[in-house]
Amino acid sequence: MMLHGLCKLSHCLRRQTMRLLVHFSMLRSFVTAVKRYSVTSQTSDFENTYRLQEAYPYFLPIQTRWQDNDQYGHVNNIVYHGYFDTLINHYLIRYCGLNANRQTSSMVGFIVSCKCSFHAPMMFPQNPLAALGVERIGRSSVTYRAALFKPRRGRISLSLDYNVLSDGCFSGSPLLAGFEIIACTTARSTHVFVDAASEKPKELPEHFRQQLEKILMQPRAANQML
């Protein structure tokens with residue numbers, strides 16, 4: 001009888017142990033899920049910062065074209081990369097003194113990564129405002145953040161002249177009031193600058209670096225900016 005009782009007790013203890021292990025496993029999965037959600041939420045808030053107009057220091061109006069639209073009636077995804085390429089190189093040529101002629105330039109910039117996120121469609125003849133900021137400056141590389149802001153609904157009188165088209169404008173310009181404050185498209189890309197002859201990484205010239213530092217970004221969490 002005693003042996004039978006011990007067997008029942010042992011069996012009961014094993015069942016209780018298994019239940020505890022199952023509960024522990026479920027609790028661990030729950031804690032892991034909460035941590036993942038927290039990290040994802042924080043990352044989402046951080047990325048949303050780059051959808052805000054006020055996060056960017058430099059702006060350039062972009063002229064869309066009829067050929068930019070695809071069969072669905074909005075600007076085709078691949079065209080956005082061209083807009084951002086234009087924006088970045090416009091600033092580099094106009095303000096950093098980049099020589100875009102490879103035959104005479106000592107330095108060439110290669111795009112090594114580029115990613116666009118599409119939040120809302122845009123179509124011709126809408127003319128968006130492109131925004132640019134520098135996220136990081138390395139020894140020979142630069143990582144940019146960029147965005148497109150659609151015109152506000154309803155016509156707003158804007159003082160747009162050739163100088164803005166030629167030079168762009170900076171934060172605080174009256175031009176910004178004519179555009180939405182939340183971007184329809186955002187992008188992140190990285191340039192690596194190399195020697196034009198050897199194509200090996202080349203240290204950024206001091207003047208070049210100083211002009212990039214003028215549009216260096218310091219983003220805050222989106223919920224702090226709104």
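Here are some notes on the salt bridges and cysteines in this predicted model.

1. **Overall count.** Let me start with the charged pairs. Searching the whole structure turns up six salt bridges. The points below take up some of them, and then turn to the cysteines.

2. **Asp68 and Arg65.** These two residues form a salt bridge, with 3.0 Å between the closest N and O atoms. Their surroundings are worth a look as you turn the model. Asp68 is buried, at a relative accessible area of 1%, whereas Arg65 is partly exposed, at 43% relative accessibility.

3. **Arg94 and Asp167.** Here the closest N and O atoms are 2.8 Å apart, and the pair forms a salt bridge. Arg94 belongs to helix α2 (residues 77–94) and Asp167 to helix α3 (residues 162–167), so this contact ties together parts that lie 73 residues apart in sequence. Arg94 itself is partly exposed, with 39% relative accessible area.

4. **Glu135 and Arg145.** Now to a pair in strands. The side chains of Glu135 and Arg145 meet in a salt bridge, at 3.4 Å from N to O. Glu135 sits in strand β3 (residues 129–137) and Arg145 in strand β4 (residues 141–149), so the bridge links parts that are ten residues apart in sequence. On accessibility, Glu135 is partly exposed, with a relative accessible area of 24%, while Arg145 is buried, with 7%. The cut-off matters for reading these values: Glu135 does not count as buried because that label requires a relative accessible area under 20%.

5. **A network around this pair.** Which residues are linked with Glu135 and Arg145 in a network of salt bridges? Arg188 joins them, so please view Glu135, Arg145 and Arg188 together as a salt-bridge network.

6. How many disulfides does the count come to? The answer is zero.

7. **Where the cysteines sit.** Are Cys116 and Cys169 buried or exposed? Cys116 counts as buried, with 13% relative accessibility. Cys169 is buried too, and its relative accessible area is 8%.

Terms used:
Residues numbered from 1 in each chain as written. Predicted model: local features only at pLDDT ≥ 70, side-chain atom pairs only at ≥ 80, totals over all residues. Heavy atoms only, no water. Salt bridge = Lys/Arg side-chain N within 4 Å of Asp/Glu carboxyl O. Buried < 20%, exposed > 50% of the residue type's maximum accessible area, 1.4 Å probe, protein only. Helix = DSSP H or I, 4+ residues; strand = E, 2+ residues; numbered from the N terminus. Disulfide = S-S within 2.5 Å.
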